[in-house]
Amino acid sequence: MSSIRFDSTKQYYTTSSLVVGYALCSSLLAVINKFAITKFNFPGLLTALQYLTSALGVWVLGKLGFLHHDAFTWETAKKFLPAATVFYLAIFTNTNLLRHANVDTFIVFRSLTPLLVAIADTAFRKQPCPSRLTFLSLLVILGGAIGYVATDSGFTLTAYSWAFAYLVTITTEMVYIKHMVTNLGLNTWGFVLYNNLLSLMMAPLFWIITGEYVEVFAALGSSTGTWFESGAFFAVSLSCVFGLLISFFGFAARKAVSATAFTVTGVVNKFLTVAINVLIWDKHASPLGLVCLLFTIVGGVLYQQSVTGAGSTPSQRESTSKQTDSENDDHDYEEDSQGEGIPGKLASV
């Protein structure tokens, strides 16, 4: 009896630690990435370092036996390249959005993705039209976003151009990646490895296209550049480490708790991100803008309730519970992690 009690206590603390670890990583990562791009103003190089950390971390942990990932083959890489390209563009636009706007603006546009995904699913994937509750939740999200934009004193054409570019790429990714990964049959860590390794290979091309390599070489040749500042080194290292940590904690927490508990954790994470962002510095929205931001988050909660509450009868829910939990689990994790600029993210599995 005592051994059973010890095992249950141990399981409780293990699960609690995983959930707390995921909540901290998820809520802090958007702020950390904003801090990193503020201190280290090279978005292309910053994301490349994050890709390197995540890909190398997965490979090393796989060699040590802590996780299992699909072996890297060029044949699979060629098939996965379109998905990796969309992923790279989503992270690239996300980083540039954080470069030119505050974290609150990022969260608002991130919260708009269910609206566009619902439209894309209905138009291109022939999915049923949203239910009334889903449609209402999408209207709440849209209303909060419009209110935020109307009250944003930090509005700039550059920032919102990146915001719309991010919205398009992340929506495309969320619709397309599910199809691609399902067809390829990659496991979670295989997805992380392929995504980050292929993105790392594409990084130099974007350095040349954007001209960032000129700034990087200029900073390398100047001892007074941000390249050599300890604050920049700390910020970049922190963002890379957290990018890898959220892969671990997100995957482990998703397996340890139910889809509903994971969804609640994701919602709490968004509120924590807003609170942390308001407390640590002045790079945040006005009070009225924050109210509109909270409306978009509430709309996201209603949306999640509407899509997880599907099922007309208890017997139908019981017969499809395993499938529904799996689909919602993947969707929930994708909702929380994809928009935070996390190169080590886990998407549709």
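Helices here are DSSP runs of H or I that hold at least four residues, and they are numbered from the N terminus. In that numbering, threonine 76 is found in helix 3. The model shown in these views is a predicted one.

**View A. The whole protein chain is built from helices, with zero strands.**
The chain holds 14 helices, and its pattern, read along the sequence, is α-α-α-α-α-α-α-α-α-α-α-α-α-α. Of the 349 residues in the protein chain, 48% are buried. When contacts are counted between residues at least 6 apart in sequence, 86% of them join residues that are at least 24 apart.

**View B. Helix 2 packs against helix 3.**
Helix 2 covers residues 43–63 and helix 3 covers residues 74–100, and the two pack at an angle of about 125° with their axes 10 Å apart. Because angles from 65 to 115 degrees count as roughly perpendicular and those over 145 as roughly antiparallel, this angle makes helix 2 oblique to helix 3. The crossing in which helix 2 passes helix 3 is right-handed. On the side of helix 2 the contact is made by Pro43, Leu46, Thr47 and Tyr51, while helix 3 brings Phe87, Tyr88, Ile91, Thr95, Asn96 and Arg99. Sorted by class, this contact of helix 2 with helix 3 has six nonpolar, three polar and one charged residues.

If its neighbours within four places in sequence are left aside, threonine 76 is in contact with Leu186 and Tyr194.

**View D. Threonine 169 sits in helix 7, which covers residues 157–184.**
Is threonine 169 buried or exposed? Its relative accessibility is 14%, and since a residue under 20% is called buried, threonine 169 counts as buried. The C-alpha atoms of threonine 169 and asparagine 94 are separated by 9.2 Å, although these residues are 75 apart along the chain. Apart from its neighbours within four places in sequence, threonine 169 is in contact with Val86, Leu89, Ala90 and Thr93.

**View E. Helix 4, made of residues 103–111, is mostly covered.**
Nine of the nine residues of helix 4 are buried. These buried residues are Val103, Asp104, Thr105, Phe106, Ile107, Val108, Phe109, Arg110 and Ser111.

**View F. Helix 5 and helix 6 cross each other.**
The axes of helix 5 (residues 113–124) and helix 6 (residues 132–151) come within 9 Å and cross at roughly 135°, and the two helices are therefore oblique to each other. Their crossing is left-handed. The contact is made by Pro114, Leu115 and Ala118 of helix 5 together with Leu138, Ile141 and Leu142 of helix 6. By class, the contact of helix 5 with helix 6 has six nonpolar residues, no polar and no charged ones. An α-helix has 3.6 residues a turn, so residues three or four places apart point the same way.

**View G. Helix 6 has a length that agrees with its number of residues.**
At 1.5 Å a residue, the 20 residues of helix 6 should span 28 Å, and the C-alpha atoms at its ends are 29 Å apart, which agrees. The buried residues in helix 6 are Thr134, Ser137, Leu138, Ile141, Gly144, Ala145, Gly147 and Tyr148.

Key. Residues are numbered from 1 along each chain as its sequence is written. This is a predicted model: local features need pLDDT of at least 70, side-chain atom pairs count only at pLDDT 80 or more; totals for chains, interfaces and linings use all residues. Side-chain values use heavy atoms; hydrogens and water are left out. Axes are lines fitted to C-alpha atoms, for helices over the stretch in contact, and angles run from 0 to 180 degrees between N-to-C directions. Angles under 35 degrees count as roughly parallel, over 145 as roughly antiparallel, 65 to 115 as roughly perpendicular and the rest as oblique. A crossing is left-handed if the near helix is turned anticlockwise from the far one by less than a right angle, and right-handed if clockwise. Contact means heavy atoms within 4.5 Å. Ala, Val, Leu, Ile, Met, Phe, Trp, Tyr, Cys and Pro count as nonpolar, Asp, Glu, Lys and Arg as charged, and the others, Gly among them, as polar. The expected span of a helix is 1.5 Å times one less than its number of residues. Buried means under 20% relative accessible area, exposed over 50%, partly exposed in between (1.4 Å probe, protein chains only).
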